[in-house]
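I opened the model today and kept notes as I went. The entries follow the order in which I looked things up.

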Amino acid sequence: MRIALLLPLLFCLSVGTIRASDSHLTSLQQVNALLQAEYELARTGKPYLFIDLSEQHVRLKVSGLSLTDWPINGFRRWGNPSAHPAAGLVRKHSLDEPERDVQVVNSAAPVAPSKKAKAYELSDMPTAYRMRLENGTEITVRPTPTHWLTHLRSALAIPFWYLSRPLISDWKFLRGSPYNELALSLTEHDARMLYWAFNEGNLCLIRLPGTGAAAAPAVPGTNR
């Protein structure tokens, strides 16, 4: 009788052990894929973005070395990680795109000011925007609330975010495409810096929470 009662307990323990082992193996596979991807990027000598959700930092790196980093004050994540760790930036979009009034001078006829010149100053960069990677991952950047009104607005937006993402995921699934989103909260200055530094064509790596430390191996010919 006692043996019969112990059998379900032993079964549950064995299943839990198998699941823990599978989870550990998956984590190791993710670390290995991330290490390999960053090693390949480091060898190119081109700048790339490393979003480290475990240590909550966004780093701009070249040849495995950090040029600068911006602390992540908070984040939310939806969806499953992509099988391809490295993905290029396809598009940046903001409701407040960087632009500046330009007045044409020395012209025969007066021309009305236009907003077609590219802005080069940091203060012209937006603080809230979306970035889409080539693997379909959407990265949303928002400034960290600094006033009670923005704190309230941010708190009210959290339930809407979690209620709306299943609907978006189902819609994307019906259209045959996965939906992965990462929402980052940065200071206004850091958000502007990220928008300015990360351009179309640059590659991005994302390290998920709970993943072991992953740093690019030393590239031959570089000082670390």
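How many helices and strands are there in the protein? I found 3 helices and 11 strands. Helices (H or I, at least four residues) and strands (E, at least two) are DSSP runs, numbered from the N terminus. Along the sequence I read the pattern α-β-β-β-β-β-β-β-β-β-α-β-α-β.

Before going on I noted the ground rules. This is a predicted model, in which local features need pLDDT of at least 70 and side-chain atom pairs count only at pLDDT 80 or more, while totals for chains, interfaces and linings use all residues. Residues are numbered from 1 along each chain as its sequence is written, and side-chain values use heavy atoms, with hydrogens and water left out.

Entry on the whole protein. I looked up burial and found that 30% of the 224 residues count as buried. Buried means under 20% relative accessible area, exposed over 50%, and partly exposed in between (1.4 Å probe, protein chains only). The accessible surface comes to about 14300 Å², and 60% of this belongs to carbon and sulfur atoms. These areas come from the Shrake-Rupley method with a 1.4 Å probe; for residues, only the protein chains shown count as cover.

Entry on aromatic rings. I looked for ring pairs (Phe, Tyr and the six-membered ring of Trp, centres within 6.5 Å; planes under 30 degrees apart are stacked, over 60 edge-to-face, the rest tilted). The count is 1 aromatic pair. The ring centres of Y129 and Y195 are 4.8 Å apart with planes at 70°, so this pair is edge-to-face. Y129 is in strand β8 (residues 129–133) and Y195 in helix α3, 66 residues apart, so I noted a link between distant parts of the chain. Y129 is buried at 1% relative accessibility, and Y195 is buried at 6%.

Y195 came up again with a charge. The charged end of K92 sits over the ring of Y195, 4.1 Å from its centre. For this, NZ of Lys or CZ of Arg must be within 6 Å of the ring centre and within 35 degrees of the ring normal. I also found the charged end of K61 over the ring of F50, 5.1 Å from its centre.

Entry on salt bridges. I counted 10 salt bridges, each a side-chain nitrogen of Lys or Arg within 4 Å of a carboxyl oxygen of Asp or Glu. R207 forms one with E55, with the closest N and O atoms 3.7 Å apart. R207 is in strand β11 and E55 in the loop between β1 (48–52) and β2 (57–62), 152 residues apart. R207 is buried at 6% relative accessibility, whereas E55 is partly exposed at 43%. I noted that D52, E55, R59 and R207 are linked in a network of salt bridges.

E181 and R130 also meet in a salt bridge (3.7 Å, N to O). E181 is in strand β10 (residues 180–186) and R130 in strand β8, so the pair ties together parts 51 residues apart in sequence. Buried or partly exposed, which is E181? I read 2% relative accessibility for E181, so it counts as buried. R130 is partly exposed at 26%.

Last entry, on N202. I found N202 in the loop between α3 (188–197) and β11 (203–207). N202 counts as buried at 19% relative accessibility. Leaving aside neighbours within four places in sequence, N202 is in contact (heavy atoms within 4.5 Å) with P47, A87, G88, L89 and A197.
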